[in-house]
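Dear colleague,

Please find the structure below, together with its sequence.

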Amino acid sequence: MSVDGAAPALLSWYDVHARALPWRAPPGAPPADPYRVWLSEIMLQQTTVAAVRPYFARFTERWPDVAALATADEGELMAAWAGLGYYARARNLLACARAVAKDHGGRFPDSEQGLRALPGIGRYTAAAVAAIAFGRRAVVVDGNVERVVARLFAVEEALPAARPRLHALADRLTPARRTGDFAQAMMDLGATICTPRQPACAICPLMTMCAGRATGDPARFPVKAPKAARPQRRGTAFWLERDGEVLLCRRPARGLLGGMLALPSGPWTADDPGLAGAPAEAGWRDAGHIAHVFTHFALDLRVVTALTGERTIAGQWWPVERLAEAGLPTVFAKAAERARSLMEIA
DNA sequence: AACCCGTGGAT
DNA sequence: TATCCAAGGGT
C-alpha cells in the first residue's frame with residue numbers, strides 16, 4: 001500500500017473541510033499573525049479547542065500583541081489563566097513574550113531552532129509555529145499526528161517508545177510546500193475523522209492508503225503502554241475570614257499550581273492530615289469536602305472555616321465579594337464555593 | 001528517561 | 001462511575 005498521494009489528498013480535503021478557528025488563516029491564505037499562532041499553540045497544549053476559545057478571546061483582547069503581553073503584570077496574567085490548567089504555561093508565556101521583546105526586537109524567530117530556545121516552546125510547538133506562522137517546512141507531530149500516522153502505517157510498537165518511529169514516518173509524509181496547512185490538516189483529520197474512538201474511516205480522505213483500516217480494527221492504533229494507577233491523597237483547605245475578607249496565599253513559583261493564588265492548605269498525603277498546616281489557631285468548623293482529580297493523583301480535600309479578629313496573620317486578605325477576580329485554580333475555587341455556602345448559613 | 005504538571009468533556 | 005484523552009514542556 002502506497003502513501004505517495006497522502007499529502008495532496010489531505011490538502012485537498014483540508015481546502016474544503018478546514019475548521020474555522022480564531023487563530024487560523026484560511027487554507028491557502030497567507031500565514032496568520034505569529035503572535036496569535038504562538039499564543040494558541042501554548043494554550044492548546046494538552047487542552048481542547050473548546051476550552052481554549054474563551055481564553056484566547058480574552059487574552060487577545062487584553063493583550064493584542066507580544067509587546068503588550070511582555071508588559072503584563074504577572075499576577076494579572078496568572079489570574080487570567082486560572083482554570084485553564086498547567087500553570088507553568090502561563091509563567092513561560094510571560095517569560096517568552098519578554099524574551100521576544102527584549103532579545104528579538106519584538107518579533108518571533110522564524111526558525112525552529114530559534115523558537116525552540118524560547119521558554120515554553122518545545123519540539124512540537126517550535127515546529128508548529130515555524131510551519132504555520134512562517135511557512136517553513138517542519139515535521140509537526142502532536143497527539144493527533146501520532147494517531148493518524150500510527151494508523152496509516154499500522155504501527156505495532158507501543159507509545160511512548162514508538163515516538164521516534166512515528167516522527168520519522170510523519171517526516172516521510174510532510175510536503176515541502178503548504179507545510180503549515182498540512183500540519184493543520186493532520187490535526188483536523190485527527191480531531192474530526194481519525195478520532196481516538198470509532199474513527200469515521202468511511203469519509204476519510206486517506207481511506208484507500210490506510211494500513212490500519214486494512215487490519216479491520218483501526219481504533220487499536222496507536223498501541224499504548226499501560227499507565228500507572230492514580231493514588232488518592234487527602235488534605236485540608238482553610239477558609240479564614242475577617243471583616244468580609246478571606247486569607248489567600250501565593251503558592252511557590254514551581255511545582256503544583258505554581259505561582260497561583262490559593263487557600264491556605266496543609267500537606268496532601270495518603271492519610272488525613274487533619275488541621276496540620278492551619279494558618280492560625282481558631283475554632284475550625286467542618287464545611288464538608290470536595291473531590292478533585294489531578295494528572296497523577298486524586299485529591300479529597302476537606303474544607304474548614306473559621307472567623308478571626310487577628311490582624312497579623314501572614315498572607316493576602318481578599319474581599320470575599322470579589323473572590324472571582326482572584327483567579328483561583330479550579331480545586332480552590334471548588335473549595336471556596338463550599339466554604340462560602342456554609343459561611344452564609346452561619 | 002521517567003516523572004511532574006490541570007481541567008473538563010465524552011464515552 | 002471510571003477511564004480516557006486533548007495542538008506537550010520542563011527537569
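In what follows, a cavity is a set of points, on a 1 Å grid over the protein atoms alone, where a 1.4 Å probe fits but cannot get out, and its lining residues are those with an atom within 4 Å of a point. Grid points are joined across faces, edges and corners, and a volume is the space filled by probe spheres set on the points. The model is a predicted one, in which local features need pLDDT of at least 70 and side-chain atom pairs count only at pLDDT 80 or more, while totals for chains, interfaces and linings use all residues. Residues are numbered from 1 along each chain as its sequence is written, chains are lettered from A and ligands numbered from 1 in the order in which they are written, and side-chain values use heavy atoms, with hydrogens and water left out.

Cavities

The search of the whole structure found two cavities of 30 Å³ or more.

The largest cavity has a volume of about 130 Å³. Of its 14 lining residues, Arg151, Cys194, Cys201, Cys204 and Cys210 lie nearest the centre. Helix α9 (residues 143-152) supplies the largest share of this lining, three residues.

DNA strand B

A residue is near a strand if one of its heavy atoms lies within 4 Å of it. There are 18 residues around DNA strand B, and Leu257, His292, Thr295, His296 and Thr330 are the closest. For polar contacts (pairs of N or O atoms within 3.5 Å), the side chain of His292 has an N or O atom 2.6 Å from a phosphate oxygen of DNA strand B. The surface near DNA strand B has nine nonpolar, nine polar and no charged residues.

DNA strand C

Around DNA strand C there are 26 residues, of which Glu41, Gly120, Thr125, Asp142 and Asn144 come nearest. Sugar and phosphate make up 66% of the atoms of DNA strand C that come within 4 Å of the protein. A polar side-chain atom of Arg254 is 3.4 Å from a phosphate oxygen of DNA strand C, and one of Trp23 is 3.1 Å from a base nitrogen of DNA strand C. The surface near DNA strand C divides into eight nonpolar, nine polar and nine charged residues.

Annotation

According to the unreviewed UniProt entry, residues 43-192 carry the annotation "domain: HhH-GPD"; UniProt positions are given in the numbering used here, feature names are shortened, and annotations may be inferred rather than shown by experiment. This span is 65% helix and 0% strand, with its end C-alpha atoms 20 Å apart.

Yours sincerely

Technical notes. On a 1 Å grid over the protein atoms alone, a cavity is a set of points where a 1.4 Å probe fits but cannot get out, and a pocket is an open set with protein on both sides within 12 Å along at least five of seven lines; lining residues have an atom within 4 Å of a point. Helices (H or I, at least four residues) and strands (E, at least two) are DSSP runs, numbered from the N terminus. A polar contact is a pair of N or O atoms within 3.5 Å; within protein, one must be able to donate a hydrogen and the other to accept it, and residues adjacent in sequence count only if both atoms are side-chain atoms. Ala, Val, Leu, Ile, Met, Phe, Trp, Tyr, Cys and Pro count as nonpolar, Asp, Glu, Lys and Arg as charged, and the others, Gly among them, as polar.
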